[in-house]
Every structure is written in structure tokens, then in C-alpha cells.
Amino acid sequence: MPDVSAPVIKLVRRTTEPVAVQTLRSTAAAVISFVVALMVLPAQPAPLTAPLTALLVVQVTLYATLTTGIRRVNSVVVGVLIAIGFTTLVGLTWWSLGLTIFTSLIIGRFVRVNEFVPEVAISAMLVLGVSQATSAAWHRVLETLIGAGVGLLFNLLFAPPVWTQSAGASIDGLARGMGNMFRTMGAEIAEGHLPFPHAAARLHEARRLDHDIVEVDASLRQAEESLRMNPRVREGLLSRVVLRTGLDTLEICAVVLRVLTRSLTDLAKFRTEESLFPPDVSAGLQELFEQLAEAIESFARLITTQVAANAEQAEERLTAALAASRVTRDRVAEMLLEDVQEHPRQWQLHGALLAEVDRILDELDLDKRTERLLQELDRRSAEHSERYPRLAALRRRLHGDSGTERRPTVEA
């Protein structure tokens with residue numbers, strides 16, 4: 001029995017992931033559109049354009065469906081209409097095919113289908129290749145409309161999944177990677193002598209964090225789209241702002257971490273035959289880096305936690321880690337000052353090291369985070385009011401507020 005239960009549990013977990021849910025939704029929408037097309041056009045060949053359009057329309061998020069789905073349908077319909085015109089006038093030849101593609105790409109720019117301009121030409125070629133009859137082409141238009149209608153209705157009735165969990169996992173992975181870097185640097189410093197190649201390797205590792213941030217940003221953008229216009233989400237704006245500002249903070253910390261590794265690399269380059277720091281300073285820095293790692297990981301848990309009780313625990317851990325880091329930082333600063341007074345070489349790198357630690361502690365500070373959240377909420381509220389002034393005025397009347405709109409409660 002234990003051999004069977006583990007794979008079953010793993011399968012159940014996979015079916016709850018957004019990717020699995022989206023796969024099932026796309027398949028269901030395509031099949032339903034095919035069945036509807038068969039009912040509407042029973043005498044026609046297999047109406048495969050309907051499920052094809054449904055697959056294109058049923059996007060990952062509801063916001064993407066409403067914004068890009070219409071453009072996709074528009075591109076297909078325009079392509080079919082162009083194919084009808086060329087089929088009626090000249091038929092299918094090598095030069096008419098080239099002219100059809102050229103015309104489709106040009107017209108696609110004017111009908112504002114944006115990134116779906118190639119689909120205009122693809123749709124035209126599909127119609128030309130299947131049949132040269134005008135009636136068959138019009139049936140393609142009808143199939144397209146059926147697939148688009150089923151896809152849009154499917155997404156309205158069965159809201160797409162929310163991708164905040166995958167975005168949260170990406171943010172948490174980024175924070176754990178930064179935390180592991182701090183712990184590794186602390187362990188290497190505690191060993192005494194830090195070879196220059198080892199310090200340079202940490203610098204290159206910190207530079208690679210830029211690539212990780214780009215991947216996390218892409219995951220977060222998808223999560224932000226899944227929260228927009230989604231009836232399953234009550235406070236989508238607040239969730240988007242919490243995640244976005246949290247990633248901005250981690251990105252700043254990653255930049256500071258890269259600068260910090262640069263300072264350590266410069267010290268290792270100058271001190272090739274001796275310890276990087278005295279034993280007491282090395283032990284203090286190892287403890288400080290361990291606490292910074294805990295603070296960064298706790299910060300990530302705070303911004304990605306959805307349950308209020310767990311968020312409170314994450315906030316308590318972050319507060320404790322920041323307090324301990326500040327105490328250790330002050331103790332290390334005193335020891336570094338004594339060391340500099342005895343051996344003033346590269347004193348500026350010691351000061352830079354402390355300044356970089358201070359910057360990370362300042363970015364992770366809870367008061368600063370709350371202030372940043374409020375500023376971002378106010379900015380987005382002002383942008384929304386400028387873009388939709390009548391809607392903003394209506395909301396103010398409904399809320400009985402003659403001034404600004406109500407600000408949602410900011411909770412991580």
C-alpha cells in the first residue's frame with residue numbers, strides 16, 4: 001500500500017497546479033467548440049477551425065483572454081476575408097499565394113491585431129489550401145466565431161486559475177538562493193584565509209542573480225494578469241502590489257549583495273597571504289550573514305503568504321531577524337573600527353561592507369515596506385482615476401467620499 005499511495009498523492013498534487021488546470025480547461029473548451037460547430041454546420045467537413053480558435057482564445061488568464069482573444073479572432077476573420085477575395089478574383093497560384101501573404105501582413109498592421117499579424121496570413125493560407133470555394137471560406141468564418149464564442153464564454157463561466165502560488169514559489173526560490181549565498185560567504189570568511197578565486201566565484205554567482213530575477217519577474221507578470229478581472233479574487237490590486245513591491249525590494253537586495261561580494265573580492269585580492277579579518281571579526285560576520293539570510297528568507301515568506309496567521313508568524317520571524325542583525329552589525333562595526341585603527345589598510349572597504357549591510361537592513365525594514373505599499377497603492381489609484389474619471393467620480397459618490405478613494409487595508 002505505501003508503494004501506491006505516494007504516486008497517487010503526487011498525481012493529486014499535480015492536478016491542482018495551474019498548468020494542469022489550464023490544460024484541462026483548454027481541452028474542454030476545444031472539444032465543446034467542436035461539438036457546437038458540428039451541430040451548427042452538420043453537412044460540412046470536420047470544423048477544426050472552431051477548436052483551433054477556442055484553443056487560441058482560452059488563454060492562461062481571464063485578462064489575457066479579454067485583451068488578446070479579441071485580437072486573435074480579428075486576425076483570423078481578416079485572414080479569411082482576404083482569402084475569400086483572392087480566391088474569387090484570381091484563384092490559387094504561386095504568385096497569388098505570395099500576394100495573399102504580403103497583403104495579409106500589410107492589412108494586419110492596420111487592423112491593430114498587434115502581435116498576431118502573422119496569424120492573419122496563416123488564416124488566409126489555411127483557407128486557400130483547404131478549398132477555393134467562397135462558401136467554404138464563409139463557413140470558416142462561422143467556425144471561427146463559434147470557437148471564439150465558446151472560448152470567451154468558457155473563461156467567463158469557469159474562471160482561469162490564479163498563478164500567485166507559482167509566482168510565490170519563484171520569489172521564495174530567489175530569496176533562498178540569496179540566503180544560501182550569504183551563508184556560504186559567512187562560512188568561507190570564518191575559515192580565515194579566503195582565496196581570491198573563491199571570492200571571485202561568489203561575485204560571479206551574485207551577478208547571475210540578474211538572470212534569476214528576470215525569470216521571477218516573468219512568473220510574477222503572469223500572476224498579476226491572473227489576478228486582474230478574476231471573479232475568484234477579492235483584492236486583486238492589493239495582492240499584485242504586495243508581490244510586485246516585494247520583488248522590487250529583493251531586486252535591490254540582490255544588487256547590494258553583488259556590491260558586497262565585490263568588496264570582499266577586492267579585500268581578498270589585497271590580502272592573499274593573510275586572513276581576511278581577525279578571528280573575532282570573522283565569527284561576527286558569519287553570524288551577521290546568517291541573520292541576513294534568515295531576514296531575506298523571512299521577508300519572502302511574508303510577501304508570499306496568503307493566510308493571515310502564517311503572515312503574522314512570518315512578520316515575527318522577520319522582525320526578530322532584523323533586530324538580531326542590527327545588534328550583530330553594531331558589534332562587528334566596533335570590532336572593525338578597532339582593527340582599522342591598528343591596521344588601516346583598505347579601511348574604505350570595511351566601511352563599504354558596513355554600508356552595504358545597512359542598505360539591506362533598511363530595504364527589509366517593515367516600516368519602509370508599509371510606506372512603499374501605501375505609496376504604490378496611492379499611485380495606482382491616481383492613475384486609475386485619471387484614466388477613468390467618470391468611474392472614479394461614481395465611486396466617490398457611492399462611498400460618500402468627497403475626496404480620494406478608499407484605500408484598501410494593506411496586509412502582507
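Colleague: Where is Leu203 placed?
Modeller: Leu203 sits in helix H9. Keep in mind that this is a predicted model.

Colleague: Why does Leu203 count as buried?
Modeller: Its relative accessibility is 4%.

Colleague: How far apart are Leu203 and Leu257 in sequence and in space?
Modeller: They are 54 residues apart along the sequence, and their C-alpha atoms are 8.9 Å apart in space.

Colleague: Why is Leu99 called partly exposed?
Modeller: Leu99, which is found in helix H5, has a relative accessible area of 38%.

Colleague: Which residues make the nonpolar surface patch?
Modeller: Leu99 is one of them, together with Leu89, Val90, Trp94, Trp95, Phe102, Ile106 and Phe110. The patch covers about 980 Å², and helix H5 (residues 94-110) gives the largest share, six residues.

Colleague: How many cavities of 30 Å³ or more are there?
Modeller: The count is one. About 50 Å³ of space lies in the largest cavity.

Colleague: Which elements give two or more residues to the lining of the largest cavity?
Modeller: Those are helix H8 (164-190), helix H9 (196-207) and helix H11 (236-270). Among the lining residues are Met185, His198, Arg202 and Leu264.

Colleague: What makes up that lining by class?
Modeller: Five nonpolar, two polar and two charged residues line the largest cavity. Glu and Arg count as charged, so Glu188 and Arg202 of the lining fall in the charged class.

Note on methods. Residues numbered from 1 in each chain as written. Predicted model: local features only at pLDDT ≥ 70, side-chain atom pairs only at ≥ 80, totals over all residues. Heavy atoms only, no water. 1 Å grid on protein atoms, 1.4 Å probe; cavity = no way out; pocket = protein on both sides within 12 Å on 5 of 7 lines; lining within 4 Å. Points joined across faces, edges and corners; volume = space filled by probe spheres on them. Helix = DSSP H or I, 4+ residues; strand = E, 2+ residues; numbered from the N terminus. Patch = residues over 30% accessible without salt bridge, like charges linked within 9 Å, V, L, I, M, F, W, Y side chains within 5 Å. Areas by Shrake-Rupley, 256 points an atom, 1.4 Å probe, with all protein chains shown as cover. Salt bridge = Lys/Arg side-chain N within 4 Å of Asp/Glu carboxyl O. Buried < 20%, exposed > 50% of the residue type's maximum accessible area, 1.4 Å probe, protein only.
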